[in-house]
Amino acid sequence: MSEDCYHCGDKIQGRGIHFDDKDFCCIGCKNVYQLLSNSALGQFYQLEKGAGQKPQAGTLEKYAFLEVEKIRAKYIDFEDDTHARVTLFLPQIHCSSCIYLLENISRIDSRIRSCQVNFAKREAVIHFNKEIKLSELAHLLEQIGYTPNFGDRKTTEKKKDRSALYKLGFAGFAFGSIMLWSFPEYLGVEKDNPEFRAFTSYLSLVVSLPVFFYSASDYFKSAYKALKYKSLNLDVPITIGILALYCQSLYSIFINAGPGYMDSFAGFIFFLLIGKWFQSKTYQSLSFERDYKAYFPVAVTRQLPNSEEIVEIEEIHMNDLLLIRNDEVIPCDCILESEHARIDYSFVTGESEHIAKKKGDFIYAGGKLIGQRTAFKVVKESDRSHLTSLWNEVRSEKENTDRSAYQDKMSVYFLAALLIIAAAASVVWFFIDASRVMEIAVAVLIVACPCALALSAPFTYGNTMRLLGRKGLYLKNTSVIERLNTVTDIVFDKTGTLTSSSQYRVDYEGDHLSDHEKIALCSLANSSTHPLSRSIVRYFIEQQLIPSNDISDFEEITGKGLLGSFDGLKVQLGSSTFLGKPSNENIESSSHVRVGNKYGVFRFSSELRQGIEQLPKSLDRFTLHVISGDGEQDLELLKRIFPEGTQIHFRQTPEDKFRYIKALQMTKKKVLMIGDGLNDSGALGVADVGIAVSEEAFRFTPSSDAIIDAGSLTALKPLLDTSAFSKTILRVCLTFSLAYNFTGLSFALSGMLTPLVAAIIMPVSSITIVCISTFGVLLYGRYSRH
Amino acid sequence: MGMIYIMLTVSLLIALFFLVSFFWATKSGQFDDDYAPSVRILFDDEIKNKSNTTTDGSTEI
């Protein structure tokens, strides 16, 4: 029973589907397998095990909006009479098998001409004949498990910025060339050849111009900005160093005394830019900025007096009547117009139980409709609804930069020390040899330029970020590490974070069932993929019962329940109304059953994630808090695993959570918030560090600073330790870089800093720093026992 | 001594050639996605393999 699905790699719960000598967890997976093997795409399964995506049951209707000319035109990049090209965002792309499948999609449908995947952006550029409609194409992709996301268009359409690479290219080119030309100078060959010396000097000057004016421009701008706002950052001493280097070299070239420090200058910029590039290589394929609107449909059906039309979300106005189909997300705050509706708020709250609503009830945006097509009246336009207002409040407050606050603080001392030393050196040399004062002062400024210092943070944090990524914690950028190291309080969300959102503890109440009846019930539940049915199947399997596939007349009524017969026994499973029993329960945390003439109820309660019991105790250096949107039923459970003094709050609305974090911050606490649903997005945004828990890191998560794999949550302590270790490495790097600066200073102060010495010290110090930070973090990753 | 001027110019030209190639590669988007191409090259052309097996009965791996 513990087999993994051949297609998607998930554990098969209950009895899987056996087909072609392989086991599958559901019909959907089997269908995809069948489709792929019929299209000679079997290699998909050889590339990576269980790489498939569970397909969602979707209908072609869902994509009808793509045939509305105005909307369609937005997505089509190019078209002529016979074919068209479209770029689709497919967030499910995650491995080499995905690339293989998508790039060979033309074998499944010959009307598709070609497909090229951009893995980093998770986009597919698809050329297709116009015989296939765009909506059919989208539906086909959905069938094989790659549901195109049309809503996130704006975020994917970022302008490609490749200027960093151009800058790096110029600097590298100049560095190599100038060093080559300077070689005779190092050996002292040029002294006798003033003509040759002039030639190489001016050549170096020409090559260095783009480096100075283009490659290094960011440092000048940043330093200027800092000074303008009367603050200091590390770019200020860097700029001083660069200017000193460059001016001294220019002077040396103009008096025909050789190319000066041009080689060091170019090398310097080159190393700095490498550090920047290294730091910016983050997890492009993960989306940290996902706004809740990304979950929403692009268009909905609007009811007109005599007809219907498909309109874009932006065009919805107050009092419009919207027709929402099964599985569609409600895009704005509405009032229910039909008699009944069941809403799945799992996007918003992480709760997978559906909520029943009656006519006239107010419905928040973000819920997914389960069941028949239903009419809603709009009461707030999409961008003014409840969730958006919360979102907008948070967004402006958090500044996200790659700047290291620690380094900026250091730079103040650095600059002060630098100026004092330069002044002192000038005074001393004034008495020794007044003609060399200028030269010495400039040499001090050159050698004290904090190049190695500037490299230490990007490399240390960059490596730490990669190490954390391998362990399942993906950070948005390197500044998160620094904030993570200052955390004093950790706030957990309960549902979906401490408890698993797809597993439940099951209890049965009601008439006693015989083994035969139990098997009937279990087999019925096994035919459905609903998480509650799955939990029931697991409940029976734990009692050593094996479900069979002999269910006849099986029917699944979405949003209501299942019915079927087993060996002549009629079985029904579902909500109380489905079974014709009166009930006033609003939130469905139970499932009613009827087997033959017996009746019973399954009650579901949330189950803690595996291994989570140990987590709170390991985090004893932090103050812990739990905030939950649910009622108090789990208080005892939480009290058991959390140490005394932990603050536990129930019935928290998204705004409450947001305010709770704010209140903590008012008392000078640094807060780490861990949550999952969109209801946490406000809190995640406002917290110093917000970590979103995700069962599947490449799926949807609310906007956050970091994403953690649900499975890695139990290892939060070692992850935080790793992050804290980066601070130690950084200190070591700083010590080394200061040591180099002092060595250089001793040369400068004694008047012996030649271009050759500078050309040796500069790369050696930079390379040492890169090595220390890289190997330090690597060794920690290998030998720490986690 | 004249030789060294030529050599230096040549070295500059070679370096420029690589710089321009690098810019061209960047501009054409070669560094935008460094994962997909690395896997793409390893995909076998399965249809060809199939026709092989039907003609001579041998299986290729």
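Let's start with one residue pair: in this predicted model, A:Ile343 has A:Ile355 of β12(A) as its bridge partner.

**A sheet in chain A**

These strands belong to an open sheet of 3 strands, with the order β12-β11-β14 (chain A) and antiparallel pairing. At the edges stand β12 (354-358) and β14 (368-370) of chain A; each has a single partner strand, so one side of each is left without a neighbour in the sheet. From one strand to the next, the twist averages 40°.

**Chain B**

Now to the partner chain. Chain B has 3 helices and 0 strands, and its elements follow the order α-α-α from the N terminus on. Of the 61 residues in chain B, 3% are buried.

**Where the chains meet**

How many residues of chain A are in contact with chain B? There are 23 of them, and they touch 22 residues of chain B. On the chain A side, the elements giving two or more residues are α4 (96-103), β5 (112-118), α7 (163-187) and α8 (194-215). Among these, α7(A) provides the largest share, 8 residues.

The chain A side that touches chain B divides by residue class as follows:

| Class on the chain A side | Count |
|---|---|
| Nonpolar | 14 residues |
| Polar | 6 residues |

Methods. Residues are numbered from 1 along each chain as its sequence is written. Chains are lettered from A and ligands numbered from 1 in the order in which they are written. This is a predicted model: local features need pLDDT of at least 70, side-chain atom pairs count only at pLDDT 80 or more; totals for chains, interfaces and linings use all residues. Two residues are in contact if their C-beta atoms, placed from the backbone, lie within 7 Å. Helices (H or I, at least four residues) and strands (E, at least two) are DSSP runs, numbered from the N terminus. Ala, Val, Leu, Ile, Met, Phe, Trp, Tyr, Cys and Pro count as nonpolar, Asp, Glu, Lys and Arg as charged, and the others, Gly among them, as polar. A residue is buried if 20 or more other C-beta atoms lie within 10 Å of its own, exposed if 12 or fewer, and partly exposed in between; C-beta atoms are placed from the backbone. Two strands pair if DSSP finds at least two bridges between them. Axes are lines fitted to C-alpha atoms, for helices over the stretch in contact, and angles run from 0 to 180 degrees between N-to-C directions.
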